[in-house]
Amino acid sequence: MPADRRMVARGARIAAGVVGVVAVAASIGVAFFVPLPSVTAEPRSTVVDPTPAAEVRACPGGLVRLSDDSGQDATAISSIGAPTVTDYVNVSPDPLTTEQLASPDDRAGRADAAPVRVALPAGAQDGDTLFGAGQAQVAGTPEISGLAVASCTQPTSDTWLVAGATTTGRTSFVILANPQDVAAKADIAIFDEKGQVEAPGARGIDIPARSTRILSLAGLAPDATSPVLHVTTTVGAVTAAVQQSVVRGLEPGGVELAGPSAPPSTEATVPGIEITSSAAISGRLADADEGDLQSILRLYLPGTEPAAVRIHIQGETEGSASTDYQVGLTPGVVTDFPLQDVPDGTYTVTLESDHPVVTAARTSRVDGSSPDLAWFPSVQAQAESFVAAVPAAAASRIHLYNPGDSELSVTVTGSAAPASVTIPAHSTRFIYLDSGQGYRVESNGPVAASLSFVGDGRLAGMGLMPPDAASPPVLVYG
């Protein structure tokens with residue numbers, strides 16, 4: 001082909017290619033500027049209410065000791081009596097059901113000493129149904145003497161216990177109850193005045209459904225003066241309590257069942273701390289074995305940062321004086337802060353910290369035939385309506401702390417005529433109650449509450465914790 005004809009043909013192909021590129025570019029431009037039809041579809045969804053289930057509480061059961069009924073076998077755990085359980089629901093007829101939980105660690109095998117499951121059936125629940133339960137027991141053996149009360153609590157996956165000791169003459173047990181229909185598995189992290197305790201036996205503890213485990217704290221944390229326990233579950237949920245008893249020489253020094261303290265927070269409240277027989281106690285503190293008669297506030301600071309804590313001690317009667325302390329806390333170790341030079345009376349302790357802490361108070365009473373001890377846990381504020389089941393024990397009082405900036409009006413209704421009290425901001429007032437009875441408490445704002453029990457040679461405390469919120473409806477797609 002002549003050269004001029006080849007050039008003409010190549011030029012025609014180039015021109016055709018340019019035209020093609022322009023045509024493609026033009027079509028792309030049109031795609032950007034011409035709206036395309038669109039289709040949108042809302043995903044299918046359904047609101048599902050969780051299947052109603054019984055709302056349950058578990059009571060820790062009878063007091064236990066390390067020996068069998070004959071006083072032999074120092075590794076055996078056996079119950080020494082049975083508690084009295086008091087439950088209360090604010091509807092009639094009473095729909096609550098109770099049953100004993102299995103307690104395989106109790107060698108005595110007394111059915112009436114086993115922990116108790118208290119349940120509100122699913123069919124009896126509505127937004128106004130409230131219930132609670134508590135237990136009390138008086139012991140009088142050579143090893144264990146005194147009054148122990150405990151709240152029957154909801155199972156949870158996370159519990160802090162601020163109580164106990166395992167030094168010479170001090171015996172403590174951890175009681176884990178599973179009132180639910182599925183097995184649970186728990187871990188216990190233990191901290192004391194030296195730091196975290198290495199306790200391999202405190203991990204992977206199996207608690208079968210509707211059953212209880214009782215563990216000697218000395219077997220997990222020997223020679224601990226100031227233990228704090230963090231109980232968590234990897235499967236299921238449990239309730240947890242610590243039983244502590246004291247023997248000084250040949251004299252029993254009291255017993256208590258300590259329930260959960262409020263979880264770590266930068267603000268904490270411990271109402272209803274009963275300080276009694278201070279003069280008699282001060283005369284005994286020179287003996288090293290009686291040093292733990294001193295009232296103390298036990299504090300634990302999780303994490304790695306030190307904290308500055310303000311401790312405010314306020315009497316619960318109108319016109320009472322108050323005292324403030326500033327304390328520095330080291331992270332990871334437990335501190336027992338002495339409540340010394342505090343005269344006999346009833347007090348609320350509030351804390352403000354720049355890092356979250358857990359806390360509880362311990363006091364003693366020595367005016368009876370033998371001393372007794374009590375633990376008073378920190379508590380969280382309740383809703384504006386709640387109930388209190390008062391165990392059948394010594395003279396009892398409910399302590400009501402107002403955490404708000406305005407005064408509160410609170411009415412307590414029970415078997416007797418209603419009792420009302422006005423509580424100034426950031427103050428506490430108490431009302432006497434009949435033991436073995438149930439009460440409804442109504443206020444015009446949140447209030448933190450606890451119970452105390454004081455009698456001849458008898459002393460005990462019990463926190464009132466708010467119930468967990470019901471599971472909300474779930475939006476399911478698909």
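Where does Asp-223 lie? The legends below cover this and other sites in a predicted model.

**View 1. Asp-223 lies in a loop between a helix and a strand.**
The helix is H2, residues 217-220. The strand is S16, residues 228-235. Look at the backbone here. Asp-223 has a positive phi of about 60°, although Asp-223 is not a glycine.

**View 2. Asp-341 also has a positive phi without being a glycine.**
Its phi is near 60°. Asp-341 sits in the loop that runs between strand S23 (334-338) and strand S24. Is Asp-341 buried or exposed? Asp-341 counts as exposed because its relative accessibility is 75%, and exposed means over 50%.

**View 3. A cis peptide bond joins Ser-92 to Pro-93.**
The omega angle of this bond is near 0°. Pro-93 belongs to the loop between strand S5 (84-89) and strand S6 (97-100).

**View 4. Ser-353 is a buried residue of strand S24.**
Why does Ser-353 count as buried? Its relative accessibility is 11%, and buried means under 20%. Now follow the side chain. One of its polar atoms lies 2.5 Å from the backbone oxygen of His-355. Ser-353 also has contacts beyond four places in sequence. These partners are Thr-266, Ala-307, Ala-308 and Val-309.

**View 5. Ser-415 sits in the loop between strands S28 and S29.**
Strand S28 covers residues 408-413, and strand S29 covers residues 419-423. Which residues does Ser-415 touch, not counting those up to four places away in sequence? They are Asp-434, Gln-437 and Tyr-439. Gly-438 is 23 residues from Ser-415 along the chain. Yet the C-alpha atoms of Ser-415 and Gly-438 are separated by 7.6 Å.

**View 6. The second largest pocket holds about 470 Å³ of space.**
The lining has 25 residues. Which of them are the closest to the pocket centre? They are Glu-267, Ala-268, Thr-269, Thr-350 and Tyr-401. Strand S24 gives the most, with six residues. By type, the lining residues divide into 11 nonpolar, 11 polar and three charged.

Across the chain, the mean pLDDT is 88. A pLDDT of 70 or more is reached by 86% of the residues.

**View 7. The chain has three helices and 34 strands.**
The protein chain has 478 residues, and 49% of them count as buried. Consider the contacts between residues at least 6 apart in sequence. Of these, 78% join residues at least 24 apart.

Terms used. Residues are numbered from 1 along each chain as its sequence is written. This is a predicted model: local features need pLDDT of at least 70, side-chain atom pairs count only at pLDDT 80 or more; totals for chains, interfaces and linings use all residues. Side-chain values use heavy atoms; hydrogens and water are left out. On a 1 Å grid over the protein atoms alone, a cavity is a set of points where a 1.4 Å probe fits but cannot get out, and a pocket is an open set with protein on both sides within 12 Å along at least five of seven lines; lining residues have an atom within 4 Å of a point. Grid points are joined across faces, edges and corners, and a volume is the space filled by probe spheres set on the points. Helices (H or I, at least four residues) and strands (E, at least two) are DSSP runs, numbered from the N terminus. Ala, Val, Leu, Ile, Met, Phe, Trp, Tyr, Cys and Pro count as nonpolar, Asp, Glu, Lys and Arg as charged, and the others, Gly among them, as polar. pLDDT is the predictor's confidence in each residue, from 0 to 100. Buried means under 20% relative accessible area, exposed over 50%, partly exposed in between (1.4 Å probe, protein chains only). A polar contact is a pair of N or O atoms within 3.5 Å; within protein, one must be able to donate a hydrogen and the other to accept it, and residues adjacent in sequence count only if both atoms are side-chain atoms. Contact means heavy atoms within 4.5 Å.
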